[in-house]
Amino acid sequence: MIIKKSKVLSGHAVTRLEIAYEEIRKSVMKEFYCQLIPHLSTNKTKINDIKSKEYLDLEDELSYEKLKYDKLRNVLSEQGINENKIEDILNKVS
């Protein structure tokens, strides 16, 4: 029975007769997948986060813009300008 469910879910060719007898319900599938959890491993797994040069450049640019934004907010705040006015000014600048 588990083999038939695996065939249906993985897209393998199944006969119409097999499909007619396979009723996939959420509760049954949850139980099926929960049985697989012990076979999955997150131990000793390496995850490589690959970022292109363009992506890294955009991250740097965003960091720089955030820094400028924060500095401008601090300068305006030090001058005693209230928060609503600061937001108006910053919206005009950006």
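Leaving aside neighbours within four places in sequence, which residues is Ile86 in contact with? They are Arg73, Leu76, Ser77 and Ile81, where contact means heavy atoms within 4.5 Å. Before going on, note that this is a predicted model, in which local features need pLDDT of at least 70, side-chain atom pairs count only at pLDDT 80 or more, and totals for chains, interfaces and linings use all residues. Residues are numbered from 1 along each chain as its sequence is written, and side-chain values use heavy atoms, with hydrogens and water left out.

**The chain as a whole**

- You'll find 5 helices and 0 strands in the protein chain; both are DSSP runs numbered from the N terminus, with helices being H or I of at least four residues and strands E of at least two.
- Going along the sequence, the pattern reads α-α-α-α-α.
- Of the 94 residues in the protein chain, 10% are buried (buried is under 20% relative accessible area, exposed is over 50%, and partly exposed is in between, using a 1.4 Å probe and protein chains only).
- Take the contacts between residues at least 6 apart in sequence: 16% of them join residues at least 24 apart.
- The chain's accessible surface is about 8,900 Å², and carbon and sulfur atoms hold 57% of that (areas come from the Shrake-Rupley method with a 1.4 Å probe, and for residues only the protein chains shown count as cover).

**Back to Ile86**

- Ile86 sits in helix α5, which covers residues 83–93.
- With a relative accessible area of 1%, Ile86 is buried.
- Val75 is 11 residues away from Ile86 along the chain, and their C-alpha atoms are 9.9 Å apart.

**An aromatic pair**

- Searching the whole structure turns up 1 aromatic pair.
- Phe32 and Tyr33 have ring centres 5.2 Å apart and planes at 70°, so this is an edge-to-face pair.
- For pairing, the rings of Phe, Tyr and Trp (its six-membered ring) need centres within 6.5 Å; planes under 30 degrees apart are stacked, over 60 edge-to-face, and the rest tilted.
- Phe32 counts as buried because its relative accessibility is 11%, while Tyr33, at 44%, counts as partly exposed.

- Leu36 belongs to helix α3 (residues 26–36), and its relative accessible area of 35% makes Leu36 partly exposed.
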